[in-house]
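Student: I have a new structure to look at. Can you walk me through it?

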2 protein chains.
Amino acid sequence: MTLSYTDILALPKEYRRNLINCLSGYKSFCLCGTKSEDGITNLSVISSVIHVGANPPLVGMLMRPPVVPRDTLTNLLETGFFTLNHVNETFYQQAHQSSGRYSAEVSEFTETGLTEAYSDLHPAPYVAEASVQIGLSFQERYDIQANGTVFIVGRVLEVRVPEGSVGEDGFLDLEKTGSLTVNGLDGYGKVERIARLSYAKPGKEISQL
Amino acid sequence: MTLSYTDILALPKEYRRNLINCLSGYKSFCLCGTKSEDGITNLSVISSVIHVGANPPLVGMLMRPPVVPRDTLTNLLETGFFTLNHVNETFYQQAHQSSGRYSAEVSEFTETGLTEAYSDLHPAPYVAEASVQIGLSFQERYDIQANGTVFIVGRVLEVRVPEGSVGEDGFLDLEKTGSLTVNGLDGYGKVERIARLSYAKPGKEISQL
């Protein structure tokens, strides 16, 4: 099937939303934890987390346009802190439920039955059920002109991962941590590794690590 | 294992690079196709593709700092066009090989044995072996202050996907297209879907689609 830009604009809204959300390929599946200045915790599903840099350690994510109240964006800008927590199979339905539009007065932790966990290093709530927990401070914000989405860059303040999940070379095995992936808006999957491949150089055969 | 920001900065370079590259969770695995003004085609592995918007259809990706020649970034800025092509199991080793640092004078298509394909709608080369092919025009550029990486937003000009891979609601089934995912810098995996879940609303039970 081939669709042009004009064809895409003419698609029914839900069809277009599903199709275009799938185009980017498999995505990260994280819960973003924040706390308001009034102390109310918040959780939201984020499927746009990307690596920005290792030194200093930076992570980026895209957030929807703040044309309606967006508790996560408001909280992370006001307090300067947020967490990213990998979702695994034991609580992915609760994670999905947290994407419902809850009022800023209620905590998605309470509503979904997930558990808050805290660090001494920053005030944002982790999801205790998550095996990979990342604490971040807000660094940069870029407002995308074309549609008002917001690209946020965070600095990694803390990493909490299970013992035995990191190899000698620093590779964090996301099969061992049970991290899931997302296809489009609502398709959740688990991953089986095919291979790790050696660093590529022109004229050199690659091999499996 | 718990690491603070200071601990991370003190890690050996390769260990830190692997660990931090894995923190974002599972990533998209695409080849970006461009052509220079001199007509030399280029391919590069991109694992930072994210959904930006459905209407208009927009895709974003992060590129490394242009402190050394970056053919993909140069080409897409000069010509205004690029493609994203989902990598599947039949050619993932060739895709990985294209991440080697080849001279701007040679085409990674030639070097890796992948095949160029073209559309009437734009001049950028697709990877014929890819089941999902997306043609884009350059829209916006944001230079990340903290480390000089570049966030690029592209507008979707064309989508080419296999017959039968898109459901009635527009969901593009990435298992059917054979799209792979990446863990960190070099871990490639395939995905098995657990479930699609219904739209979440406060107080409403979610169900499987």
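Predicted model: local features only at pLDDT ≥ 70, side-chain atom pairs only at ≥ 80, totals over all residues.

Student: Ok. What box do the C-alpha atoms of chain A fill?

Tutor: Roughly 60 × 50 × 30 Å, taken along the principal axes.

Student: What's the secondary structure of chain A?

Tutor: Five helices and 13 strands. As for contacts in chain A with a separation of 6 or more, 58% are between residues 24 or more positions apart.

Student: How much of chain A is buried?

Tutor: Buried residues are 61% of its 209 residues.

Student: Switching topic. Which residues touch the most other members of the largest nonpolar core?

Tutor: M61, L84 and L172, in both chain A and chain B. That core has 68 residues. In soluble globular proteins, nonpolar side chains tend to be buried together.

Student: Take M61(B). What is it in contact with, leaving aside neighbours within four places in sequence?

Tutor: Among them are C32(B), I46(B), L76(B), F82(B) and L84(B). The list also includes V150(B), F151(B) and I152(B).

Student: In what sense do strand 3 and strand 4 of chain B pair?

Tutor: Antiparallel, over six bridges. Strand 3 of chain B is residues 30-35. For one facing pair, look at T34(B), which stands opposite N42(B) in strand 4 of chain B.

Student: What about the hairpin of those two strands? Which residue takes a positive phi?

Tutor: G39(B), with phi near 90°. Five residues lie between the strands of that hairpin.

Student: Last topic, the two chains. What rotation superposes chain B on chain A?

Tutor: One of 180°, with 0.0 Å of shift along its axis and an RMSD of 0.0 Å. The two copies are thus related as by a two-fold rotation axis.

Student: Which residue of chain B comes closest to the rotation axis?

Tutor: V191(B), with its C-alpha at 2.2 Å.

Student: And why say the copies meet through the same surface?

Tutor: Because 99% of the interface residues of chain B are also interface residues in chain A.

How values were computed
Residues numbered from 1 in each chain as written. Chains lettered and ligands numbered in written order. Heavy atoms only, no water. Least-squares fit on C-alpha atoms with pLDDT ≥ 70 in both. Contact = heavy atoms within 4.5 Å. Core = buried A, V, L, I, M, F, W, Y, C linked by side-chain atoms within 4.5 Å. Buried < 20%, exposed > 50% of the residue type's maximum accessible area, 1.4 Å probe, protein only. Helix = DSSP H or I, 4+ residues; strand = E, 2+ residues; numbered from the N terminus. Pairing = 2+ DSSP bridges.
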